Amino acid sequence: MASYKILPLRNEGIDLEKIENRIEAMSALESSADLRSGTLPRSFQTFQGEMCYVEYAEEEETEVTTLEGEGEPIKVADMYPIIFLGNGYVAYDANLPNQETEAEVVQMVSNLLDTDIAYEAVEFDKNDLEGVVDQANKVREADFKPSDQKPNSVSARYIPGLQDTEIWNQYENDPMEKVRVDLPDHTTYNVSFYEKGKVTVHGRNIPSDVQVEVLRYITDQVVSNLDIDSFQKKLGGEF
């Protein structure tokens, strides 16, 4: 499975040639830092002439144990995807190791767009998650957090006709932390939406082109229809 956060931009259009040029200019391979970070040009892919995928890479130092029992320092690299969806949204890896790396990834989005805007990921409130449910082909799972009882977290999952069950009727007015659904026309990969803004596409070894396709559908048909309060949407205007 693959998990992402979604950044809303200020307009829909992106210049793929300009982004590709900036990817080359900001390559981690060209960095002179002791621990390098930046884009990975060889990961760059385009889709349908309006979307693209690239990885942000950063090195860290760790130790490996030799046969002599000694710790030998080596440098390893981690790569994190950034996907420009061509519709006013960018998706980036939600499973980053810390807030510092997340800030660097989001800053890289600004750098690749050649803008000083500090983008912010969307979050889903109760109404947003209910909107996801309303648009879903099937609800597979929901996590509620009742405010007036213990346990303060209740999960309902993998029940046919989940929305017609007693547990759904009991907790449907409480805030949701997560909902997992089948989207119309995209039943091969079901998708979870989390309160903190994470979107997970479920499946094993999902090809990058399929991830891009599903994320484009999610942002076109689900996220864009939600009343998400975002700083970027309020700004309007052009880059």
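The secondary structure of this predicted chain comes to 6 helices and 10 strands. Helices (H or I, at least four residues) and strands (E, at least two) are DSSP runs, numbered from the N terminus. The model is predicted, so local features need pLDDT of at least 70 and side-chain atom pairs count only at pLDDT 80 or more, while totals for chains, interfaces and linings use all residues. Residues are numbered from 1 along each chain as its sequence is written, and side-chain values use heavy atoms, with hydrogens and water left out.

**Overall packing**

Of the 239 residues, 47% count as buried. Buried means under 20% relative accessible area, exposed over 50%, and partly exposed in between (1.4 Å probe, protein chains only). Contact means heavy atoms within 4.5 Å. Among the contacts with a separation of 6 or more, 62% join residues 24 or more positions apart. The accessible surface is about 12,700 Å², and carbon and sulfur atoms hold 40% of that. Areas come from the Shrake-Rupley method with a 1.4 Å probe; for residues, only the protein chains shown count as cover.

**Cores**

A nonpolar core is a set of buried Ala, Val, Leu, Ile, Met, Phe, Trp, Tyr and Cys residues joined through side-chain atoms within 4.5 Å. The largest has 42 residues; Val-179, Phe-193 and Ile-218 touch the most other members. Helix 5 (residues 208-221) gives the most to this core, with 6 residues. A second, separate core has 24 residues, including Val-54, Val-105, Val-109 and Leu-112.

Beyond its neighbours within four places in sequence, Phe-193 contacts residues including Phe-124, Leu-129, Val-132, Val-179, Ile-218 and Val-222. Glu-177, Lys-178 and Lys-198 are also among its partners.

**Helix 5**

Helix 5 is largely enclosed by the rest of the structure, because 10 of its 14 residues are buried. Among the buried ones are Val-210, Val-214, Tyr-217 and Ile-218.

**Ser-110**

Ser-110 is found in helix 2 (residues 99-112). Not counting residues up to four places away in sequence, Ser-110 touches Thr-115, Ile-117 and Tyr-119.

| Item | Value |
|---|---|
| Ser-110, relative accessible area | 2% (buried) |
| Ser-110 side chain to backbone oxygen of Ile-117 | 2.6 Å |
| C-alpha of Ser-110 to C-alpha of Leu-9 | 9.8 Å |

Ser-110 and Leu-9 are 101 residues apart along the chain.

Note on methods. Polar contact = N/O pair within 3.5 Å; in protein donor to acceptor, adjacent residues only side chain to side chain.
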